[in-house]
Amino acid sequence: MGFLDKVNAAKPKNKAKVLSKSATRILSLPRLDHPPIDTTPWELPNCTIDLRMIQRKALSAIYTNGGAFFPIGVGWGKTFIALLAPIVRGKKHAILIAPSATIDNLMEELSTIELNFKHDTTFTFMSYGELSK
């Protein structure tokens, strides 16, 4: 019997996946469908941003609960959610930690937020790499 035959023989026959304790805990968290938040209290008079429904619901959950977990798809507006979250919570300072490749985009999008929403939040951007130093 060759090496690969021994490896294949040692593999479990049952293909069922076992979730980790963390994954099981996350999947058991309650799922809430929040009503969309009205962002007009934060909008400047010349606001040109029309947030998506999923963004308004996420911000509603953040406003109500102080945070949440959002498995939101690519291109659905997570950047605006991340930038608006501390604003709707009335925070004076926010630290956004993200992959280094996205920091420039976050700063560009912050410019868009600042043209459309009133706030007094100071933002600090930090990459995962900077955090690990």
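Modeller: Gladly! Let's begin with the inside. Nonpolar side chains tend to be buried together in soluble globular proteins. In this predicted model, the largest nonpolar core has 25 residues. Leu59, Leu83, Ile113, Phe123 and Phe125 are the ones with the most contacts inside this core.

Colleague: Which helices and strands each supply at least two residues of this core?

Modeller: They are α3 (53–65), α4 (78–88), β1 (93–98), α5 (103–116) and β2 (122–127). With 7 residues, α4 gives the most to the core.

Colleague: Which residues does Ile113 touch?

Modeller: Leaving aside residues up to four places away in sequence, Ile113 touches Ile49, Phe80, Leu83, Leu84 and Ile87.

Colleague: Ile97 is in strand β1. Why does Ile97 count as partly exposed?

Modeller: Partly exposed covers the range between the buried limit of 20% and the exposed limit of 50%. Ile97 counts as partly exposed because its relative accessibility is 38%.

Colleague: And Thr121, is that residue buried or exposed?

Modeller: Thr121 lies in the loop between α5 and β2, and its relative accessibility is 8%, so Thr121 counts as buried. Its side chain reaches the backbone oxygen of Lys91 at 2.7 Å. Not counting residues up to four places away in sequence, Thr121 touches Pro86, Ile87, Lys91, Lys92, His93 and Ala94.

Notes
Residues are numbered from 1 along each chain as its sequence is written. This is a predicted model: local features need pLDDT of at least 70, side-chain atom pairs count only at pLDDT 80 or more; totals for chains, interfaces and linings use all residues. Side-chain values use heavy atoms; hydrogens and water are left out. A nonpolar core is a set of buried Ala, Val, Leu, Ile, Met, Phe, Trp, Tyr and Cys residues joined through side-chain atoms within 4.5 Å. Buried means under 20% relative accessible area, exposed over 50%, partly exposed in between (1.4 Å probe, protein chains only). Helices (H or I, at least four residues) and strands (E, at least two) are DSSP runs, numbered from the N terminus. Contact means heavy atoms within 4.5 Å. A polar contact is a pair of N or O atoms within 3.5 Å; within protein, one must be able to donate a hydrogen and the other to accept it, and residues adjacent in sequence count only if both atoms are side-chain atoms.
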